[in-house]
Amino acid sequence: MTCPHCGASVSNHERQCPYCNSFLETKTDDIPNSAFEARGQQTRPMFQAQGPDTPQPLLIVLSLMIPFFGIILGVIHTSGGHPKSGKLYIILGALSFFLISCGTFLLPLAFSAFSVFSAFKS
Ligand SMILES: [Zn+2]
């Protein structure tokens, strides 16, 4: 291939032009981590979030319905470059987990406590 910056012929394995030191764009998706580091990113993220950092309505609903899904989704989005929507999914997942916990443990407990209380009263 030829260097797009200076026109020198460079080996296909080179990521950097030996003549002008400019980085060569490779068209394959299989770019090693060192190429990402050279472009200013520390490590290649496990998941690269696509598009703008706006919460998706479908994922919000899923986070509310399945708490652990929301928390995992939030962690993935936060590490994948969407900290704003990632935090929202985590908060929604935690909120949903809290509400489900209330419904599962606290409401029957409160109901039985109320039954015992009214049984004593009569
Ligand atoms: Zn060059």
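Okay, let's start with N21, which sits in the segment before α1. Helices here are DSSP runs of H or I with at least four residues, strands are runs of E with at least two, and both are numbered from the N terminus. Before I go on, this is a predicted model, where local features need pLDDT of at least 70, side-chain atom pairs count only at pLDDT 80 or more, and totals for chains, interfaces and linings use all residues. Residues are numbered from 1 along each chain as its sequence is written, and side-chain values use heavy atoms, with hydrogens and water left out.

Back to N21. Its phi is near 65°, a positive value in a residue other than glycine. Is N21 buried or exposed? N21 counts as exposed, at 53% relative accessibility. For the cut-offs, buried means under 20% relative accessible area, exposed means over 50%, and partly exposed is in between, with a 1.4 Å probe and protein chains only.

Next along is S22, also placed in the segment before α1. S22 counts as buried, at 13% relative accessibility. Leaving aside neighbours within four places in sequence, S22 is in contact with C3, H5, R15, Q16 and C17; contact means heavy atoms within 4.5 Å.

Now, the metal. Which residues are the protein donors of the zinc ion? They are C3, C6, C17 and C20, each through its SG atom, at 2.2 to 2.3 Å from the zinc. Donors, by the way, are N, O and S atoms within 2.8 Å of the metal, or 3.2 Å for Na, K and Ca; water is not among the atoms, so sites may look incomplete. The site is tetrahedral, with angles of 107 to 113° among the four donor atoms. Four donors get that label if all angles lie between 85 and 135 degrees. For reference, the ideal angle for four tetrahedral donors is 109.5 degrees. In sequence, the donor residues are spaced C-x2-C-x10-C-x2-C. C6 and C20 link distant parts of the chain, 14 residues apart, and both belong to the segment before α1 (33-38). C6 is partly exposed at 41% relative accessible area, and C20 is partly exposed too, at 32%.

Moving on to the helices. Two packed helices are described by the angle between their axes and the distance between the axes. Helix α2, residues 57-65, packs against helix α3, residues 67-79, at about 130° with the axes 5 Å apart. Those axes are lines fitted to C-alpha atoms over the stretch in contact, and angles run from 0 to 180 degrees between N-to-C directions. So α2 and α3 are oblique to each other. On the α2 side we have L59, L62, S63 and M65, and they meet P67, F69, G70, L73 and H77 in α3.

P67, in helix α3, is buried, with a relative accessible area of 9%. Beyond its neighbours within four places in sequence, P67 is in contact with G93, S96, F97 and I100. P67 and F98 are 31 residues apart in sequence, yet 8.9 Å apart in space, C-alpha to C-alpha.

H82 is buried at 6% relative accessible area. Not counting residues up to four places away in sequence, H82 touches A49, Q50, G51, P52, D53 and H77.

Conventions. Four donors count as tetrahedral if all angles lie between 85 and 135 degrees; four count as square planar and six as octahedral if opposite donors are over 155 degrees apart and all others between 65 and 115; anything else is irregular. Angles under 35 degrees count as roughly parallel, over 145 as roughly antiparallel, 65 to 115 as roughly perpendicular and the rest as oblique.
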